[in-house]
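Here's a quick briefing to read with the model open in your viewer.

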Amino acid sequence: MERRNKQARLSRSKEWFKSKKLISRLVVVFIGIIFFGLLVFTILITFSDVSKLDIVEPRPTYIYDINGEVASKVSNSKIEGVSLDQIPTELIEAFVATEDQHFYKHNGINYFGITKAFMKNLVKGEVVAGGSTITQQLSKNVFLTSETTYTRKFKELIFTKKIERTYSKDEIMERYLNQIYFGEGAWGIQRAAHVYFGKDVSELTLNESATLAGLVKAPSNLSPYKNMGKALDRRNIVLSLMKSEGYISQQDLDKNLDQPIVLTDKETIDYKGKYPYYVDYLIEEAVNMYGLTENEVLSGGLHIYTELNPVIQDATEEVYQNEDNFPDSKPDQLIQSGSVFLNPKTGGISALVGGRGDYTYKRFNNATNLVRQPGSALKPLAVYTSALEQGYDFDDMLVDEPINIDGYQPQNIDKRYRGHVTLYDALINSYNIPPVWLLNEIGIEKGFSTVERFGIPLEKEDHNLGLALGGLHQGTSPLLMAQAFSAFPNDGIMMQAHAISEIKDAEGKIIGKWSDKSSQVTEPEVAQKMTYMLKGVVDNGTARNAQIPGIDVAGKTGTTQLPFPGVAGSKDHWFVGYTPDLVGATWLGYDKTDQAHYLTATSGVTVTTIFQQIVSKSISELPNKEFNLPLVEKKKKKQSKRKENGQKKDKENKKDKEDKKDKGKDRDKEHKKDMEDKRNKDKDKDKDKDRDRDKDKDKDKDKDKDKDKDKDKDKDRDKDRGRDRDKKDKDNE
């Protein structure tokens, strides 16, 4: 028994030693992994290059048009690097209090902030917070993209550590303030001081320093030029943080909280080139599609080749600079507009203007960023393309009379009803009832999926009959509408819209190249039928003002209703039109529509005219003057043949009718003659009958006379008999 117990204890001891040995090995492996990871991390930090931070003056980026000529040169070369001793201490303290309160204490990483952000990201299931320090912000702005991924955060940590090992805290702060973007086209603290306050950075007050420190969070949204209220609120938050960190006193806080933000006259950024709206979109595309940063685009010495057509772009800008081409605006708000033109064969953006009035860097682009309801301009996609795909044709009849579909009662603009109209007439005249009725017939799902297939994003709230009239929950942009319509002149193939064709670095190495992205969104026959009908809109319908002598134009107008009843006007005007070689979309409206700011004309007068003038000035770039619609011509020939056959049959039927009519007339004559003969015979018979009746009457009279004679004889006999009786009586007496 004792031997067995000893063996059991020995066995347990061996198992314990084995377990301890395994744990020790695991610990060693774990330590080895950590050591290896730290080694790799250290190597990556060591070999990272952050020398770009030493370059104060960036190299410009050249932008080339479709012909390979320099169209524009962009640069933030107005960055005026300043040394730290030129920057007020209050300004530095404002940034530390607002952006990184432990800047002078940590070694580039705020581990508490990262842990807090990591937990927040875990809860959300995606990267929504970063816990970035000033050094991290600097590394991200200069070396990385703005994407929110863990890979980017890891790279950011490497560059951050390298920066901290290479530069002192004061040097990091100096580079940070010289690189950061403050909005309104101002890169760097010195430019920001000039743009907002018209003074050197060394002259900034506490109030102004706090204002600039507050802009960094959201420069465009918090700009005092755009939203003074938000800018004041943000400045006051910065001042409160400075008080909490002990940088200013309560007296300083109270004094500056009541002060206004006094701005200098607004300064317009100079791109050192032309076409600012096109360049704005190009920068956006370079960042979103090619992973570049704004700093790289603006100061990386790049060579960017584009689809820009200088003739069409110049024409667009010329039209937009002439106020006579636009309706009169209210004194306190300018009617805005945006236009974009594409090559339907390539999807290349030929021209783009995103607004009216003074341009400022990265201002809102109405051609690409606008989201508004397209109104009737959506009918070709949501209804008529879907219907053609389901077997309808442009000569089919649609209902045009009052309808009520589950409470939805659309009305035509002219308040008239025609009973039935062809699909073609319904489209070119932009009637409302027929497309709603038609969408209900083919099914809302069909129209919904067609619109999405053409690249227009929809929401679940759009799944209703209002889709037929373009009444979207949110809306779409001129760029997406032009891209969608580009499928019609391209036999149903939609090319993705893009501005950049190729990007090369300063040494000429290709770092980005466009590859065609296309999709067959509908069949060639459907696309050609739509072009045939949309050409009718311009030739004979609501878009007559878009006509250009000597060149085929097709397109569709769109008008959206005001958001308040009782006012005669509209909110948005649209026209999406195209020739065989160019597709364009134009929008017009107020940024803020209210009962004092709305459009009074119609889209058939305003945007169609803008489109017509731009394209007229661009005819030299449009080699094809007529649409090639062989599939429609084939159908029209068949229809023409059927029509001829029908006319022939009509003639034959007409002749048969005339022959039958002549025969009928002859029969009528014969019948009439027979009737007359019959009537004459009847008259003769009647006369004979009358004569016979007269004879009978005479006979009756003779008979009556004879009867009278007989009566007289009878009377005479009676008298004679009486006399005889009287005589006998006398004799007897």
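Let's start with a helix pair: α2 and α8 cross in a right-handed way. Keep in mind that this is a predicted model.

- Helix α2 covers residues 89-99 and helix α8 covers residues 206-215; they pack at an angle of about 35 degrees, and their axes are 9 Å apart.
- On the α2 side, the contact is made by Glu 90, Leu 91, Ala 94, Phe 95, Thr 98 and Glu 99.
- From α8, the residues in the contact are Leu 206, Ser 209, Ala 210, Leu 212 and Ala 213.
- Sort the residues of this α2–α8 contact by type and you get 7 nonpolar, 2 polar and 2 charged.

**The sheet**
- Now for an open sheet of 5 strands, paired antiparallel in the order β5-β4-β14-β13-β12.
- Its edges are β5 (349-353) and β12 (554-561); each has a single partner strand, so one side of each is left without a neighbour in the sheet.
- On average, neighbouring strands here are turned by 10 degrees against each other, direction ignored.
- Strands β13 (residues 570-578) and β14 (residues 583-589) run antiparallel and are joined by 7 bridges.
- To find one of these pairings in your viewer, look for Tyr 578, whose bridge partner in β14 is Val 583.

**The helix on the sheet**
- Helix α14 (residues 310-321) packs on this sheet, where it touches β4 (336-342), β5 and β14.
- The direction of α14 makes about 20 degrees with that of β5.

Notes
Residues numbered from 1 in each chain as written. Predicted model: local features only at pLDDT ≥ 70, side-chain atom pairs only at ≥ 80, totals over all residues. Heavy atoms only, no water. Pairing = 2+ DSSP bridges. Helix = DSSP H or I, 4+ residues; strand = E, 2+ residues; numbered from the N terminus. Axes fitted to C-alpha atoms, helices over the stretch in contact; angles between N-to-C directions. Contact = heavy atoms within 4.5 Å. Left-handed = near helix turned anticlockwise from the far one by under 90°. Nonpolar A, V, L, I, M, F, W, Y, C, P; charged D, E, K, R; others polar.
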